[in-house]
Amino acid sequence: MCGICCCLFLDNHSSRNRYKVISDSILPHLQRRGPDHAGKTDCSITNDTGTICLRFAATVLHLRGTKTPQPLEDESGNVLLWNGEIFGGLEVKEDANDTLVLLDKLSNHPADIPPSQHILSTMAKIQGPWAFIYWQVSKQKLWFGRDYFGRRSLLWHLPSNPYDVLAITSVTERNSVAAGTDLCFEEIPADGLFCLDFVSSTTEEDEKQYFRINKYEWTNPGEELEREGLLNCPVSPFNKQMPTEQDLRIIEENRRKINSRLIIQDEVKKELEELSMKESKGTIKGENYVENVNEELTEAISRLDNVETKNKTEGITIEPGASNVKCDHEITVREKCVRDCTHGMNANVTSSNGTLSDSSIGGYRNNSSESPCKFDPSHYPVGFGYTENEEKLFSGKYSKDDTKTDINEEGTKLSSNLTITEECRHCNFLRTRSECDSCFKKTRDKFIAVLGNAVRKRVWNLPRNSRDRHLVASVSLSGRIAEARSLETTEMQDARVGILFSGGIDSMMLAALADRYVPVEEAIDLLNVAFEQKINSSQPQNKNAKKGKDTRKKATEVKCSRNFSVPDRITGISGLEELGLINPSRQWNFIEVDVTLEELQEMRSRHISHVVSPLNTVLDDSIGCALWFAARGVGRLRPSSGNSNLNQENEANFEDRTYSSQAKVLLVGMGADEQLGGYARHRTRFNVEGWPGLTDEMEMEVKRISKRNLGRDDRCISDHGREARFPFLDEDVVSFLNSLPVWFKTDPGLPRGTGEKQLLRQAARLLGLTSSSELPKRAIQFGSRIAKLESSGEKGSEACSRLES
């Protein structure tokens, strides 16, 4: 991550003064993005217009290879300002710096390819987020732009007269502050690359503008790719295939069975809750009462077992014999109900599958010598059953090498004749239920492999010593237990990777996958933000008040109390427990970032309003503030089973502990809802127009991702010297999801928390995530409770006056 800036102006007194004003407004904010190095480079050219000055400035956050200062200039005088990461497309060796690699690639073009075409093709190949500025000295051209999705911020101020300054920068002061100097910055569109060249002053009109800017737009594959000047889109086209009658029948069958199962689960859970309440009364009524409750509880669990057996006979995919083997790596639906509803009960509960002791309810056996179990697919909806990859995953035989094989080779070996993409695009040829189930399974497995590889690329190549690089967390429970024992005498290392963590399906999936590739000795920070909630201090009049006794002290205590129990905090703590079950040897640092109203207002005025700018709506304010405070990573460290440092202390001291995250890389889940149908508007469009309307809506969502304010998110997170990384927007992930028919990814015909992002939910369950895989979509501004904290009558699209103060 870097902060980059270039200013271009005519060499005269007025323009120099103007440049100083702009430079002073940019550099302080630029330095917050890159704390490891700051540098400047100046150059100039002379033509008929006069002398034109170019001023380059950059700050660096070092994350890869040898520390390389910027601006970077080669022997020929070419200058590169690079704010990005090359995860693919161009070869970058493990210990190399991608800035050096890219400058060498741009500056040395083949003799048979025009320089402009070489620059365009090189930038189009890069997989990963980027924004760049490149001075091509031989042609006296200035190239700049952002990646296809706009994952890195880049703003510009276009000159309004010949004495004004062209400024291109990652961040600047908010426009309202700069208004006195007529400065107005805007986001540079991410729909293409820009090239500035200079023109001679041959007419009076030319004197008003001494340069021109050409735009090269992204084009889809196959659209005149051989013509010079076109920029090849880095992702596959969106699959607009409609379901056939056979597909629709299978979709309806899935809905019926899933809805039936959800009803049964709700009934059984309610029954178990009632029995749990009876059991609590049993502590007063005596042992015989408890025994009777235990018998009723056993009957309830057996009832759920019978439902599962019935589902098996109706066609739900179940591996023979697997239902009688307990799973070490997930809390099944049945066990989850028992755990939730019998928390604190002393009685042993017996089901048709055997005795559910405390350890088995937790999802793990105490006896680690038992052989790894097989995954039980009966706990998953139709079409997502047992596969060979699941057996490898849950028996500890699935490694990162298997993931690479999935990506590089398995796509061509999924069937004898068709790849996964072809199977999905030709699903109308699938005439049997078993064939369709098989296609769903392959799709889910492939999705886990592709998304897992995207996470691996974003957490693996960080500054670590050689020993750390080989300490990858094992997937199997037995392997993790062995690792935990081997690390008993080893001090845990600070986190290098953090996750913006709400406990929802997106952040939980990223955490589970990051656990595979982050060295086992290294902690992972989970950053959970909550905003102070208003507490109604009005209380019924105290009887003592009538007698004249002073109650001011109690009233003061009520007003000073703080409430941060917001939805994202509750689901976050629940998610922490799930992650602790998946890998008990991992140190999960759950950071409770609590924000008071006073601190919110102070930091908004001092920092946040500048990084949100040039955006200015109420929605921008809410999301920007939530991201900024979460990324700051300062809060209380919640005790967890994996946090040995806190386990040795009394949890009563929890509120007095302040923790500051040292992670420089933050994983964020942006892009999942757009691609997997997670928004309420997707359900609305489906209810009105069916599958055709939903397909058009999701295609539009994917195409406009670059306009979904990722630049704002980058500025807010990077203001703390951290880098945001977006695994769901990895080029391979987007291409894979684009290749799938819409109904493989989502089904708005199912209830909330089940139908939207259905593919992601099934993948999460396969990784052992249970409760989180059932949570409905909740936006960060509502989950953190910042929305309408200061004004309840605002609309998200309105201009936010608080950003102007």
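Analyst: Axes are lines fitted to C-alpha atoms, for helices over the stretch in contact, and angles run from 0 to 180 degrees between N-to-C directions. Helices (H or I, at least four residues) and strands (E, at least two) are DSSP runs, numbered from the N terminus. This is a predicted model: local features need pLDDT of at least 70, side-chain atom pairs count only at pLDDT 80 or more, and totals for chains, interfaces and linings use all residues. Residues are numbered from 1 along each chain as its sequence is written, and side-chain values use heavy atoms, with hydrogens and water left out.

User: Fine. At what angle do helix 15 and helix 27 cross?

Analyst: The axes of helix 15 and helix 27 (residues 758-766) cross at roughly 40° and come within 10 Å. That makes helix 15 oblique to helix 27 (angles under 35 degrees count as roughly parallel, over 145 as roughly antiparallel, 65 to 115 as roughly perpendicular and the rest as oblique).

User: Is the crossing of helix 15 and helix 27 left-handed or right-handed?

Analyst: The crossing of helix 15 and helix 27 is left-handed, meaning the near helix is turned anticlockwise from the far one by less than a right angle; clockwise would be right-handed.

User: Which residues of helix 15 and helix 27 meet?

Analyst: From helix 15, Ile505, Asp506 and Met509 meet Leu760, Arg761, Ala763 and Ala764 of helix 27. Contact here is heavy atoms within 4.5 Å. The residues of this contact divide into five nonpolar, no polar and two charged (Ala, Val, Leu, Ile, Met, Phe, Trp, Tyr, Cys and Pro count as nonpolar, Asp, Glu, Lys and Arg as charged, and the others, Gly among them, as polar).

User: Now the charges. How many salt bridges are there in the whole structure?

Analyst: A search of the whole structure gives 58 salt bridges, each a side-chain nitrogen of Lys or Arg within 4 Å of a carboxyl oxygen of Asp or Glu.

User: Which residue does Arg586 pair with?

Analyst: Arg586 forms a salt bridge with Asp515, at 2.9 Å from N to O. This pair links distant parts of the chain, 71 residues apart: Arg586 is in the loop between helix 18 (567-582) and strand 18 (588-595), and Asp515 is in helix 15 (residues 505-517).

User: Is Arg586 buried or exposed?

Analyst: Arg586 counts as buried because its relative accessibility is 0%. Asp515 is buried too, with a relative accessible area of 0%. Buried means under 20% relative accessible area, exposed over 50%, partly exposed in between (1.4 Å probe, protein chains only).

User: And what does Lys20 pair with?

Analyst: Lys20 forms a salt bridge with Asp24, with the closest N and O atoms 2.9 Å apart. Both lie in helix 1 (residues 13-33), four residues apart, about one turn of the helix. Asp24 counts as partly exposed, at 44% relative accessibility.

User: Switching topic: where is Pro751?

Analyst: Pro751 lies in the loop between helix 26 (742-745) and helix 27. Its relative accessible area is 33%, so Pro751 is partly exposed.

User: What does Pro751 touch?

Analyst: Leaving out residues up to four places away in sequence, Pro751 touches Asn259, Leu262, Arg683 and Glu756. Pro751 and Asn259 are 492 residues apart along the chain, with their C-alpha atoms separated by 8.0 Å.

User: Last one: how many helices and strands in the protein chain?

Analyst: The protein chain has 28 helices and 22 strands. Of its 805 residues, 57% are buried.
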